[in-house]
Amino acid sequence: MTALFPKTTVDMTNFSTEGLDLNYTVSEDIAMLSPTEGTSTITTHDKYFPYLGKSYLGFKEALAFKESRGNYFTVNDFGYLGKYQFGAETLKLLGVYNPQFFLYTPELQEKAFLANSERNKWILRKDIARFAGKKIQGITITESGILAAAHLAGPGSVKKFLRSLGNYDFSDAYGSSISYYMERFSGYDTSFIKPNRKAKAIL
């Protein structure tokens with residue numbers, strides 16, 4: 001191996017911590033204070049660290065992480081685009097006709113995710129009412145699980161899964177199945193998503 005400066009020696013005493021008082025231990029509550037809090041005592045940390053939990057934001061970010069690890073600018077081997085891995089045909093249904101512009105416009109990607117979810121919720125509204133709370137193949141069916149599975153496989157495939165009681169279980173090219181998404185993304189609060197047959201992604 002060739003070093004950049006093979007004859008240079010480093011005096012490690014310049015980096016020594018000997019003799020220094022390095023005990024900076026503080027209480028957990030003080031450590032969690034924001035810079036503007038002064039010395040006031042804070043016993044909750046949710047204000048400073050976003051806890052998305054089972055909220056709509058938690059739902060979409062969890063799904064985005066599964067799809068692309070949250071990367072807006074990625075394209076997979078099959079041409080699916082962005083943070084939520086949209087296909088060109090689905091984008092057309094949402095009023096997006098320029099995939100390149102879509103890929104480099106995070107705001108449009110977020111609008112497309114919501115619009116697609118609204119459209120899927122309208123298409124699947126009767127199935128959500130019929131199956132939510134029931135068990136299929138050991139999986140408790142929830143609205144968020146249905147919507148996540150529709151994002152993966154399309155609402156038509158989700159209808160087939162539900163109405164066949166799980167006997168039809170589509171998997172994508174990477175092996176992710178409807179049943180996996182049903183279970184993985186169950187129990188989120190997706191009431192923010194309103195059914196809309198004509199939902200479009202518009203900046």
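The stops below run from the whole chain to single residues.

**Before selecting**

This is a predicted model, in which local features need pLDDT of at least 70 and side-chain atom pairs count only at pLDDT 80 or more, while totals for chains, interfaces and linings use all residues. Residues are numbered from 1 along each chain as its sequence is written, and side-chain values use heavy atoms, with hydrogens and water left out.

**The whole chain**

Nine helices and two strands are present, in the sequence order α-α-α-α-α-α-β-β-α-α-α. Helices (H or I, at least four residues) and strands (E, at least two) are DSSP runs, numbered from the N terminus.

Of the 203 residues in the chain, 37% are buried. Buried means under 20% relative accessible area, exposed means over 50%, and partly exposed lies in between (1.4 Å probe, protein chains only). The chain exposes about 12800 Å², of which carbon and sulfur atoms supply 55%; such areas come from the Shrake-Rupley method with a 1.4 Å probe, and for residues only the protein chains shown count as cover. Among contacts with a separation of 6 or more, 61% join residues 24 or more positions apart, a contact being heavy atoms within 4.5 Å.

**Helix α5**

Next, select residues 106-123, which form helix α5. The 18 residues should span 26 Å at 1.5 Å a residue, and the end C-alpha atoms are 26 Å apart, which agrees. The expected span is 1.5 Å times one less than the number of residues.

Which helices surround the buried residues of α5? They pack against α2 (56-68), α3 (88-93), α4 (99-103), α6 (125-131), α7 (143-153) and α8. The buried residues of α5 include L108, A112, F113, A115 and R119.

**Salt bridges**

Show the charged side chains. Eight salt bridges are found in the structure, each being a side-chain nitrogen of Lys or Arg within 4 Å of a carboxyl oxygen of Asp or Glu. Side chains of opposite charge can pair when their charged atoms come close.

Select E89 and K92, whose closest N and O atoms are 3.3 Å apart in a salt bridge. These two residues are three apart in helix α3 and so are separated by about one helical turn. E89 is exposed, at 53% relative accessible area, whereas K92 is partly exposed, at 40%.

Move to K159 and D127, whose side chains meet in a salt bridge at 3.0 Å, N to O. This pair links distant parts of the chain, with K159 in helix α8 and D127 in helix α6, 32 residues apart. K159 is partly exposed at 22% relative accessibility, while D127 is buried at 1%.

**Aromatic pairs and a surface patch**

Show the aromatic rings; the whole structure holds 10 aromatic pairs. Rings of Phe, Tyr and Trp (its six-membered ring) pair if their centres lie within 6.5 Å, and planes under 30 degrees apart count as stacked, over 60 as edge-to-face and the rest as tilted. Y72 and F73 form a tilted pair, 6.2 Å centre to centre with 55° between the planes.

F78 and Y174 form an edge-to-face pair, at 5.5 Å and 80°. F78 lies in the loop between α2 and α3 and Y174 in the loop between α8 and α9, so the pair ties together parts 96 residues apart in sequence.

Then select F59, Y84, F113 and Y188, which ring pairs link into a cluster.

**Two positive phi angles**

Finally, select Q85, a residue other than glycine with a positive phi near 55°. Q85 lies in the loop between α2 and α3 and is buried, at 11% relative accessible area. Q137, also not a glycine, has a positive phi of about 50°. Q137 sits in the loop between β1 (135-136) and β2 (139-140) and is exposed, at 54%.
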